Amino acid sequence: MVAEIAEVEVNRDTGRVWVKRLVCAHDCGLVINPEALRRTIEGAMLHAISRALREEVQFDTEKVTGVDWSSSPTLTHADCPATIDVVLVNGDPNPTRPDLPHYGAGEAACKPMIAAVANAIYDATGVRLRRVPFRDARVLAALKAAGV
């Protein structure tokens, strides 16, 4: 169980999106090592921001054309949020509760991030983006198309 909120700043002249703050509430079941869990979730959230803002699989008519890490744009330190808050929800560890399955952590925090960023961009600009990544040129084109 994961809930995430992103706060963004959108430069209306360049289309650049900066994710200023992230909040994640994550129920992973019984938490044994909260500090390691927090760092795992933070890493997943940063990876997901990179996917939301920068990473895109490039194709030609036959194959994937991006085949190395050096030509693939990814999140940089300058793009990272100023604040990342992780709220750990320590689920009920009672194994006799069939309604509480075992939960995991880490990659689950990736799934809602793109939607959280898209919703934050919409909240900041009134423009709904539905195609990732939210690169500068794509955001700027959407802003111009909407007359914002």
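Guide: A disulfide is a covalent bond between the sulfur atoms of two cysteines. The cut-off used here is a pair of cysteine sulfur atoms within 2.5 Å. The sulfur of C80 has its closest cysteine sulfur in C110, 14 Å away, which is too far for a bond. This is a predicted model, in which local features need pLDDT of at least 70 and side-chain atom pairs count only at pLDDT 80 or more, while totals for chains, interfaces and linings use all residues. Residues are numbered from 1 along each chain as its sequence is written, and side-chain values use heavy atoms, with hydrogens and water left out.

Visitor: How many disulfides does the structure hold?

Guide: The structure holds 0. For C24, the closest cysteine sulfur is that of C28, at 8.1 Å, again too far for a bond.

Visitor: Is C24 buried or exposed?

Guide: Buried means under 20% relative accessible area, exposed over 50%, and partly exposed in between (1.4 Å probe, protein chains only). C24 is buried, at 0% relative accessibility, whereas C80 is partly exposed at 22%.

Visitor: Which residues of the largest nonpolar core touch the most other members?

Guide: In soluble globular proteins, nonpolar side chains tend to be buried together. A nonpolar core is a set of buried Ala, Val, Leu, Ile, Met, Phe, Trp, Tyr and Cys residues joined through side-chain atoms within 4.5 Å. Here the largest one has 33 residues, and V19, I41, M45, V117, I121 and F134 touch the most other members. Its largest share, 8 residues, comes from α1. Helices (H or I, at least four residues) and strands (E, at least two) are DSSP runs, numbered from the N terminus.

Visitor: What is V19 in contact with?

Guide: Contact means heavy atoms within 4.5 Å. Leaving aside neighbours within four places in sequence, the partners of V19 include V8, I49, L53, C80 and V117.

Visitor: Which residues of α3 are buried?

Guide: An α-helix has 3.6 residues a turn, so residues three or four places apart point the same way. In α3, the buried residues are V139, L140, A142 and L143. They line one face of the helix, because they fall within an arc of 160° seen down its axis; the arc is that of the directions from the helix axis to the C-beta atoms. These buried residues pack against β1, β2 and α2. The face turned away from the buried side of α3 carries the exposed residues A137, K144 and A145. Just after α3, G147 takes a positive phi of about 70°.
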